[in-house]
Amino acid sequence: MINSGQHKRIEEPTPFQKDGYAALCDLSVHCVLTKADRRALAEHILRADKIGTGAFEMLTRLLSQKLLYATVRKDDKIGAATAAGGSRVTYAIDDLEPQTGQLFHYDEYALGQNGIHIGTLLGATLIGMKAGSRAPFLQADGSFRSVRLLSVDH
């Protein structure tokens with residue numbers, strides 16, 4: 001934009017707000033993963049890191065935090081109320097109308113229109129969460145919404 005012969009600098013939004021980033025770390029600390037989910041998250045990180053820009057950069061950071069801070073079950077037995085790959089979850093974004101979908105890691109396991117790929121910002125947020133918990137839901141533009149995991153069926 002030109003103003004009196006000079007260019008006006010347009011500020012880019014910061015991808016992670018400081019308080020939002022801390023909330024994402026806290027979310028990861030309270031998550032529980034199976035060994036299979038942990039392995040798949042590493043694969044999702046590699047894919048997102050190859051693209052490396054925009055939402056994929058944020059996805060890499062979010063999944064990396066889950067790998068670093070989440071508890072991993074040695075026996076792959078996860079609690080009935082914890083979201084894992086293959087779980088059917090009911091959640092509400094910003095306390096709006098509840099939605100239901102099945103979490104999946106690989107495209108061949110998507111079931112119709114109700115699949116939630118864990119390699120997306122929504123899937124990456126929900127994996128490892130416990131029913132009844134609320135988390136910051138990172139958006140592609142770097143802002144945050146809120147997501148509440150209402151129930152989990154295995």
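This is a predicted model: local features need pLDDT of at least 70, side-chain atom pairs count only at pLDDT 80 or more; totals for chains, interfaces and linings use all residues.

Student: Why is Gln-139 called buried?

Tutor: Its relative accessibility is 18%, and buried means under 20%, so Gln-139 counts as buried.

Student: Where is Gln-139, and what does Gln-139 touch?

Tutor: Gln-139 sits in the loop between S8 and S9. Setting aside neighbours within four places in sequence, Gln-139 is in contact with Met-58, Leu-121 and Arg-145.

Student: Why is Tyr-69 called partly exposed?

Tutor: The relative accessible area of Tyr-69 is 42%. Buried needs under 20% and exposed needs over 50%, so Tyr-69 falls in between and is partly exposed. Tyr-69 belongs to helix H3, residues 54-69.

Student: What makes Tyr-69 part of a surface patch?

Tutor: A patch residue needs over 30% relative accessible area, and Tyr-69 has 42%. Tyr-69 forms a nonpolar patch with Val-29 and Leu-68, and together they have about 320 Å² of accessible area.

Student: Which residues have the most contacts inside the largest nonpolar core?

Tutor: They are Val-89, Tyr-91, Leu-103, Leu-126 and Val-147, in a core of 32 residues. H3 gives the most to this core, with five residues.

Student: How do you know that these core residues are buried?

Tutor: A nonpolar core is by definition a set of buried residues, so membership implies burial.

Student: What does Leu-126 touch?

Tutor: Not counting residues up to four places away in sequence, the contacts of Leu-126 include Val-89, Tyr-91, Leu-103 and Val-147.

Definitions and conventions:
Residues are numbered from 1 along each chain as its sequence is written. Side-chain values use heavy atoms; hydrogens and water are left out. Patches are made of residues with over 30% relative accessible area and no salt bridge: like charges are joined within 9 Å, nonpolar side chains (Val, Leu, Ile, Met, Phe, Trp, Tyr) within 5 Å. Accessible areas come from the Shrake-Rupley method with a 1.4 Å probe; for residues, only the protein chains shown count as cover. A salt bridge is a side-chain nitrogen of Lys or Arg within 4 Å of a carboxyl oxygen of Asp or Glu. Helices (H or I, at least four residues) and strands (E, at least two) are DSSP runs, numbered from the N terminus. Buried means under 20% relative accessible area, exposed over 50%, partly exposed in between (1.4 Å probe, protein chains only). A nonpolar core is a set of buried Ala, Val, Leu, Ile, Met, Phe, Trp, Tyr and Cys residues joined through side-chain atoms within 4.5 Å. Contact means heavy atoms within 4.5 Å.
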